Amino acid sequence: MERLDKFLCDSGAGTRSQVKAILKAGRVTVDGKAETDGSRKIDPALCTVVLDGEALGGKRRMVVMLNKPAGFVTATEDPSQQTVMELLPKPWQHLDLKPVGRLDKATEGLLLFTNDGELLHRLISPKKEVPKVYYARHEGQASADDVAAFAAGLTLRDDTVCLPARLEPIGPGESRITVREGKYHQVRRMMAARGMTVTYLERQQEGALTLDGLSRGQVRELTEEEIALLEQSL
């Protein structure tokens, strides 16, 4: 059993204050009867809750993809900086979505969110070695020795040991990097360890997922088929 107002919030009907107004306006029915009391206890498995003629399903698993722009920190809240949570549509901002891993403030590209704690843990677990592909612009030119060093597993300047990774030079001062872990500022630090300062970084792929035409700053919910592909990469 759970409170009706919580059920409505979990279903994406709105924030707590919005749900209170929705109930007061008589827009909700429970098993065909109008209901204005948000404290009413319901059994989501047995009750049919309808808002403006549309049946609601309660909390459901969501996985969301954002094409993150620079200038936002990957955090659920921050007292002094804009967070990636502000880029989510307002109806989603109260659905307990959390970022999957981190992109630093200056890094752009693919960032996932989910309200599925188990999936989140599996995606960020180093043991799963989920591949993440980045495009980097950097000072200098990656050499065959750099490629070999990445493939062997780099030791960073602070003695942090990285798993073997893939470095693909794609042009003067441009490379594609694939890593299978998510250490702090990892790609930037790996490139710096080889004498190449990164000036721009974009995550283009995580597991089997790519940005697939999603514009910078845009967000969309993944389909069940896409979630299944993501889980296969685990």
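Trainee: How do strands β9 and β13 run, parallel or antiparallel?
Mentor: Parallel: two bridges join β9 (residues 108–114) to β13 (residues 198–206). Strands are DSSP runs of E with at least two residues, helices are runs of H or I with at least four, and both are numbered from the N terminus. For strands to pair, DSSP has to find at least two bridges between them.

Trainee: Before I dig in, what kind of model is this?
Mentor: A predicted one: local features need pLDDT of at least 70, side-chain atom pairs count only at pLDDT 80 or more, and totals for chains, interfaces and linings use all residues. Residues are numbered from 1 along each chain as its sequence is written, and side-chain values use heavy atoms, leaving out hydrogens and water.

Trainee: Back to β13 then. Which residue of β13 sits opposite Gly109?
Mentor: That's Arg203.

Trainee: And how many bridges does β13 make with β10?
Mentor: Seven, and that pairing with β10 (residues 132–138) is antiparallel. His138 stands across from Val198 of β13 there.

Trainee: What about β14 and β13, how do they pair?
Mentor: In the antiparallel sense, over two bridges, with β14 covering residues 209–210. Gln205 faces Thr210 of β14. The two strands make a hairpin with two residues between them, and Gly207 in the turn has a positive phi of about 60°.

Trainee: New topic: helix α4. Which of its residues are buried?
Mentor: Asp146, Ala149 and Phe150, in a helix that spans residues 144–152. Buried is under 20% relative accessible area, exposed is over 50%, and partly exposed is in between, using a 1.4 Å probe and protein chains only.

Trainee: Why do those three end up on the same side of α4?
Mentor: Because they cover an arc of only 100° around the axis, going by the directions from the helix axis to the C-beta atoms. Ala144, Asp145 and Ala152 are exposed on the other side of α4.

Trainee: What do the buried ones pack against?
Mentor: β11 (166–171), β12 (174–179) and α5. Contact here means heavy atoms within 4.5 Å. Just past α4, Gly153 has a positive phi of about 100°.

Trainee: Last one, Val28. Where does it lie?
Mentor: In strand β2, residues 28–30. Val28 counts as buried because its relative accessibility is 0%.

Trainee: What does Val28 touch?
Mentor: Leaving aside residues up to four places away in sequence, its contacts include Leu8, Ile22, Ala34 and Val49. As for Glu54, it is 26 residues from Val28 in sequence and 9.5 Å away in space, C-alpha to C-alpha.
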